[in-house]
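Me: I would like to learn how to read some features of a protein model. Please take me through them one at a time.

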Amino acid sequence: MVQRSAAMSNVALKDNRQITIRALVESDRTALTEFGLSLPKDDLLYLEEDFTNPEIITRLVNASFAENWRQMVAIADDGSIAAYASARRVPGWSNHVAELRLLVKPGWRRCGLGMQMAQAIVEAARDLGAQKVTVAMLAALRAGQAIFSRLGFAVEGQLTRHAIDRNGDLHDVVIMSAFLKV
């Protein structure tokens, strides 16, 4: 099976740090594991996928071969992963829709990396043939909502007490979406 390779993009962030945004590849396994292990415990409470679980990391890396799934990473100068994003086309009657995920390491927040990654993953969803993109996040994540709002996403709804964190606490989820011109 041939692995897809997306074009790399070198980006200067607001704080003058440089980052390379590119597709996740199989050789990123160790860096993705370290990324997950470096996330604060509070972040880990709310993630849909456990980035500290080796089986999840294997599944994510293996998904770089998947036809309807794109994953992007932001690589720092030292080779570490500063951010991860994915776009996955929904099967069945919603196969024109791609669900997005975005996660930025704390030391890389508030410097424009989230916006750069969001733009990159929306483009990847467009390349998948998606006509609509959605992103679900905890209602408390205002910075994430602001990023996607700037990209033209609108709130479609809020699901009350829809997410349960690893401590058993319930949280509201906001669903945002945008239509893509293909």
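Me: Does Phe35 count as buried or exposed, and at what relative accessibility?

Reply: First, the ground rules. This is a predicted model, where local features need pLDDT of at least 70 and side-chain atom pairs count only at pLDDT 80 or more, while totals for chains, interfaces and linings use all residues. Residues are numbered from 1 along each chain as its sequence is written, and side-chain values use heavy atoms, with hydrogens and water left out. Buried means under 20% relative accessible area, exposed over 50%, and partly exposed in between, with a 1.4 Å probe and protein chains only. Phe35 has 1% relative accessibility, so Phe35 counts as buried.

Me: How many aromatic pairs does the structure hold?

Reply: A pair of aromatic rings is described by the distance of the centres and the angle of the planes. Rings of Phe, Tyr and Trp (its six-membered ring) pair if their centres lie within 6.5 Å; planes under 30 degrees apart are stacked, over 60 edge-to-face, and the rest tilted. The structure holds 3 such pairs. One of them joins Phe35 and Phe51, edge-to-face, at 6.0 Å centre to centre with 80° between the planes. This pair links distant parts of the chain, 16 residues apart: Phe35 is in helix H1 (residues 29–38), and Phe51 is in the loop between helix H2 (41–46) and helix H3 (54–62). Helices (H or I, at least four residues) and strands (E, at least two) are DSSP runs, numbered from the N terminus.

Me: Why is the pair of Phe51 and Tyr84 edge-to-face?

Reply: Phe51 counts as buried because its relative accessibility is 4%. The ring centres of Phe51 and Tyr84 are 5.2 Å apart and the planes stand at 70°, so the pair is edge-to-face. Again distant parts of the chain are linked, with Tyr84 in strand S4 (residues 81–89), 33 residues from Phe51. Tyr84 is buried too, at 2% relative accessibility. Phe35, Phe51 and Tyr84 form one aromatic cluster.

Me: Which residue lies over the face of Trp108?

Reply: A charge sits over a ring if NZ of Lys or CZ of Arg is within 6 Å of the ring centre and within 35 degrees of the ring normal. Arg17 lies over the face of Trp108, 3.8 Å from the ring centre. Arg88 is placed over the face of Trp69, at 4.0 Å from the ring centre.

Me: At what angle do the axes of H1 and H3 cross?

Reply: Axes are lines fitted to C-alpha atoms, for helices over the stretch in contact, and angles run from 0 to 180 degrees between N-to-C directions. The axes of H1 and H3 cross at roughly 135° and come within 10 Å. Angles under 35 degrees count as roughly parallel, over 145 as roughly antiparallel, 65 to 115 as roughly perpendicular and the rest as oblique. H1 and H3 are therefore oblique to each other. On the H1 side the contact (heavy atoms within 4.5 Å) is made by Arg29, Leu32 and Thr33, and residues of H3 including Ile57 and Leu60 take part.

Me: Where is Thr134 found, and which residues does Thr134 touch?

Reply: Thr134 is found in strand S6 (residues 132–138). With a relative accessible area of 15%, Thr134 is buried. Not counting residues up to four places away in sequence, Thr134 touches Val97, Ala98, Glu99, Leu100, Met176 and Ser177.

Me: Is Lys181 buried or exposed?

Reply: Lys181, in the segment after strand S8 (170–179), counts as exposed at 75% relative accessibility.
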